[in-house]
Amino acid sequence: MPVNRQLWIHTGKQGLHDITCRVADVVEQSGVEDGLCTLFLQHTSASLLIQENADPSARLDLENWLNRLVREDDPIYTHTLEGSDDMPAHIKTALTSVSLTIPITGGKLALGTWQGIYLWEHRRRGGRRSVIMHIS
Amino acid sequence: MPVNRQLWIHTGKQGLHDITCRVADVVEQSGVEDGLCTLFLQHTSASLLIQENADPSARLDLENWLNRLVREDDPIYTHTLEGSDDMPAHIKTALTSVSLTIPITGGKLALGTWQGIYLWEHRRRGGRRSVIMHIS
Amino acid sequence: MPVNRQLWIHTGKQGLHDITCRVADVVEQSGVEDGLCTLFLQHTSASLLIQENADPSARLDLENWLNRLVREDDPIYTHTLEGSDDMPAHIKTALTSVSLTIPITGGKLALGTWQGIYLWEHRRRGGRRSVIMHIS
């Protein structure tokens, strides 16, 4: 029996928000031993990302690097009505991903030792973000 | 019963081509209520992308931004026999994706309100592009 | 019956390592006629990528282009204890992907003619990399 679940994530500021435990809990409750967990973020100004979970400096550097690459108030932008952080957020989303598929083995997400699952909020103020989980 | 279907998309020029309705039609015809829709593009110079569907200026800015980042005729390129737009197309494909997985809930694609599905053609003249759909 | 399999890939140096045959062999042995093959890389300093399989110059240009975009020893980095190639490897992984989903049709991976599956090693010395395959 496939399981569909909606997770609501309150971000609140730009950056990487660890959702590994939220996702792992649903997987364990599902009772699926060997399967697939798909995550789909229903937004175009935030991303889902697998990243280094050990040292916060790696995530900080990643964020600073991408903020330098995709600048606010770039004169190339014409889509500016929704604020300086809106168009960069769409570009950052395009360069990363809104869906992730992770195998389930032995009843658990088959993440590597140093992998965490992050919701990467690209808007300065963040918001209430919806992730659809599908387990089968 | 899983459904496999091949969609042919005629692009014809560089840019984002909306394929949301084409994909949604196949999902609705499949009769699957709760499942997964996987899209796979069989090319290395075009991408599949979820992006903002409301304001065309966002898609235009995204395209202009990426064209500036991944320039034609960059002196770093040695793979130049297939035209000025070929190597940039491969790089753009690597920075985005050729596969998308979208949950199906209540018989419909679980897209967010502002999300559309786009085939992003990276070659100037485009072509006939093949997308393999798998629904289960 | 879903199949889970772990592939060990010995990289050994930076660059794109072709794993198409390794993956195709497991798919053919699985006996699945119409389904999905999901690959998940359990690391944060290497990626999985679909790319041009014909001309090695395309892959070389891709690698050189990304090495120029994501430089070693960038003064923006604070995460530097694991070597000059570590933080660039995390950024490159974020810009690409650690999971791929490819439909299976007629008992074979539904790859396009010019598509190969690559493990993109981002560390200079590479290592022993684990890919979890799920076929269903």
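**How the copies meet**

Analyst: Let's start with the surfaces: just 12% of the interface residues of chain A are also interface residues in chain B, so the copies meet through different surfaces. Contact here means that the C-beta atoms of two residues, placed from the backbone, lie within 7 Å. A word on the source: this is a predicted model, where local features need pLDDT of at least 70, side-chain atom pairs count only at pLDDT 80 or more, and totals for chains, interfaces and linings use all residues. Residues are numbered from 1 along each chain as its sequence is written, while chains are lettered from A and ligands numbered from 1 in the order in which they are written.

User: By what turn can chain A be laid on chain B?

Analyst: Superposing by least squares on C-alpha atoms of residues with pLDDT of at least 70 in both copies, the RMSD is 0.0 Å and the shift along the axis is 0.0 Å. The two copies are thus related as by a three-fold rotation axis. The turn is 120°.

User: Which residue of chain A comes closest to the rotation axis?

Analyst: Going by C-alpha, the closest approach in chain A is at 3.4 Å. The residue is Leu95(A).

User: Which element gives the largest share of the side of chain A that touches chain C?

Analyst: The contact takes 29 residues from chain A and 24 residues from chain C. On chain A's side, β3 (35-41), β4 (46-52), α2 (56-69) and β5 (99-105) each give two or more residues; helices (H or I, at least four residues) and strands (E, at least two) are DSSP runs, numbered from the N terminus. The largest share is 8 residues, and it comes from α2(A).

User: At what angle do the axes of α3 of chain B and α2 of chain C cross?

Analyst: The contact is made by Met87(B), His90(B), Ile91(B) and Ala94(B) of α3(B) with Ala58(C), Asp61(C), Leu62(C) and Trp65(C) of α2(C). Axes are lines fitted to C-alpha atoms, for helices over the stretch in contact, with angles running from 0 to 180 degrees between N-to-C directions. These two axes come within 10 Å and cross at roughly 65°.

User: Which strands stand at the edges of the open sheet in chain B?

Analyst: The sheet has 3 strands in the order β2-β7-β4, with antiparallel pairing, where a pair needs at least two DSSP bridges. β4(B) and β7(B) pair over 7 bridges. Each edge strand has a single partner, so one side of each is left without a neighbour in the sheet: these are β2 (15-18) and β4 (46-52) of chain B.
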